[in-house]
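Please look over the structure shown below with its sequence, keeping in mind that the model is a predicted one. The paragraphs that follow lead through it step by step.

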There are 2 protein chains.
Amino acid sequence: MEENILVTGGAGFIGTHTVLQLLKQGFKVSIIDNLDNSVEEAIHRLRKLVGPQLSQNVEFHLGDIRNEKDLEKLFSHTKFGAVIHFAGLKAVGESVAHPMRYFDNNLVGSITLYKVMAKYNFVELQLVFSSSATVYGQPDKVPCVENFELMAMNPYGRTKLFLEEIARDLQKADSEWRIILLRYFNPVGAHESGMLGEDPKGIPNNLMPYITQVAVGRLPELNVYGHDYPTHDGSAIRDYIHVMDLADGHVVALEKLLQRKDIGCVAYNLGTGHGTSVLEMVAAFEKASGKKIPIKLCPRRPGDATAVYASTEKAGKELGWKAKYGVDEMCRDQWKWASQNPWGYQPKPK
Amino acid sequence: MEENILVTGGAGFIGTHTVLQLLKQGFKVSIIDNLDNSVEEAIHRLRKLVGPQLSQNVEFHLGDIRNEKDLEKLFSHTKFGAVIHFAGLKAVGESVAHPMRYFDNNLVGSITLYKVMAKYNFVELQLVFSSSATVYGQPDKVPCVENFELMAMNPYGRTKLFLEEIARDLQKADSEWRIILLRYFNPVGAHESGMLGEDPKGIPNNLMPYITQVAVGRLPELNVYGHDYPTHDGSAIRDYIHVMDLADGHVVALEKLLQRKDIGCVAYNLGTGHGTSVLEMVAAFEKASGKKIPIKLCPRRPGDATAVYASTEKAGKELGWKAKYGVDEMCRDQWKWASQNPWGYQPKPK
């Protein structure tokens, strides 16, 4: 297989891990990334990991999907077989404080990408889109099934919800579009080499990068939001998924898209199906790292649900995909990445 | 009062009538319009109507709100006191067939406009936005009250719903934003002079322009969609509102916005509060025009509600606004416009 795949946001956390697996499967990959929330060092690491041979199959283009010209440069000279669209912002708190950034990056960016894709007749309108479990909002029951009613709790969630609806509208109007919406639960972990991982700018928003920065001494303690949820230990329950499982989920989704011409627009959960509480995750990380993580119990955050985890039935049945890794491997690989790269892709600040 | 107001889409149907009333109230107006669904002749007519004196207070800029540079040219040299944002596409059927146009024009256009507004520190973040009764979807009960749950039935409706939610998010994050969302019911009629009116390109989507084109002989008959609704005559019921009432609604909304610094983001219905059936509207138009309108009874269209009309209480109480014109005046002025301009702003095709 020598299909050319365009990966937007391919220098980011999930992007780099997915590109790695795509290259191993024999795909050629063009990455477009504006490096707004990522660094080119991640691409250098990726090249080292796959070796000089496969490295020839990945191109990196510094560019912004909100800029039609940046996209046209790519689409005008490469016949892409599909687009995997990661590019976007993803921090809930930031989206509440700066919603314009989210509407601009996520909505304008995606619509501009789709418009340019549709402009070139020879481009296959095949798309894998990074949706999120955030579209389940505060679900009445768990596990979350793909046909649940969707809702948004904040501007970030609204961009994901709107983009799912936009994708469905596009596909309904033009059956040339074939779209898989992947609803990620909580991606954590890192490549087993410890060379690739999550490197958020500023104070992390999510549990695992936060724990990691406490473990390496960049932050003093972990705030645990909510200790009076109706769960066995009072902390909220989420479905953490190893980023390598997620990356494999993209590869099987892409293969499905390339085979099934009548797929329409379809959503799949990518989660393990198992709920883990915040305190359980902290304990698992302490065990994997041998580090004590000081915690501070804080009030619940508005909009946070008690428990969110995936039904994995549809992805299992239709994609033949299932997460392989458990919490112990997630914490092991997270710690390997963090201990080898305490400042992420950057050198230690002087 | 010499406040400068930017009016996007000011060459369109509701735009021209609103600019007329703004000029009469002493505002200075800059119009930006890409003339995608309007013509510059409308601006010439507007200038004639207000006379040479007031005509000096309106500028027309050919430009596209999706283009930051077009907007920056305006914002960098004029300190606007507010923006009235009409620019957008509005045909339900077209939005189903060509959703990308709607996401691009309506979503990308509006987000780009808001982004440029926020970029200039000296710009007042005061906005009157053209929403629509479409956000009530197929309401369970009538009249529609502003605090009803909102929904979308098609891509056009989704753009209006998303843009309402985007406006609320922006205002919540930054109280400098002051936003009035005006939910139009069914705008019809024309300026009493017969010099301004609605001039849709292609086959009209809405009842009144369609009736009008049948009356002047451009179309053979009117399709009436649905004759088995649970209404007194079987046809669907809507709340038609005279475009001059709507224009006045914008003037009072703007004045409210300029006075009340703590207005937040608030929605008002602009309707008469009276439901009129399609067949009643046809009869009223026949009476006003003296023309027979041949009709063809057709099946209901999916997504069309039985009856949609406005609660006018909130606009009455908080804006002191109430529609003055009834169905007879709407039809009288619609006919005056149509009979004087059977081909709209264009000369009769040869």
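Which side chain of chain B meets that of A:Asp104 in a salt bridge? The partner is B:Lys115, with 3.0 Å from N to O, and this pairing is a salt bridge between the two chains, for which the count is 4. Across the same interface of chain A and chain B, 4 residue pairs are found in polar contact, both residues of each pair being at pLDDT 80 or more.

Turning to the elements on the chain A side, the helices α4 (92-97), α5 (99-119) and α6 (155-173) each supply at least two of the residues that touch chain B. The largest share comes from α5(A), which provides 10 residues. Sorted by class, the side of chain A that touches chain B has 16 nonpolar and 5 charged residues, and no polar ones.

The contact takes 21 residues from chain A and 21 residues from chain B, and the two chains bury about 1900 Å² between them, 76% of it on carbon and sulfur atoms.

In soluble globular proteins, nonpolar side chains tend to be buried together. Here the largest nonpolar core has 63 residues, of which A:Phe75, A:Tyr114, B:Phe75 and B:Tyr114 touch the most other members. For A:Phe75, once its neighbours within four places in sequence are left aside, the residues in contact include A:Leu6, A:Phe80 and A:Val83, and also A:Leu113, A:Val116, A:Met117 and A:Tyr120.

Conventions:
Residues numbered from 1 in each chain as written. Chains lettered and ligands numbered in written order. Predicted model: local features only at pLDDT ≥ 70, side-chain atom pairs only at ≥ 80, totals over all residues. Heavy atoms only, no water. Core = buried A, V, L, I, M, F, W, Y, C linked by side-chain atoms within 4.5 Å. Buried < 20%, exposed > 50% of the residue type's maximum accessible area, 1.4 Å probe, protein only. Contact = heavy atoms within 4.5 Å. Buried area = accessible area lost by both parts, 1.4 Å probe. Polar contact = N/O pair within 3.5 Å; in protein donor to acceptor, adjacent residues only side chain to side chain. Helix = DSSP H or I, 4+ residues; strand = E, 2+ residues; numbered from the N terminus. Nonpolar A, V, L, I, M, F, W, Y, C, P; charged D, E, K, R; others polar.
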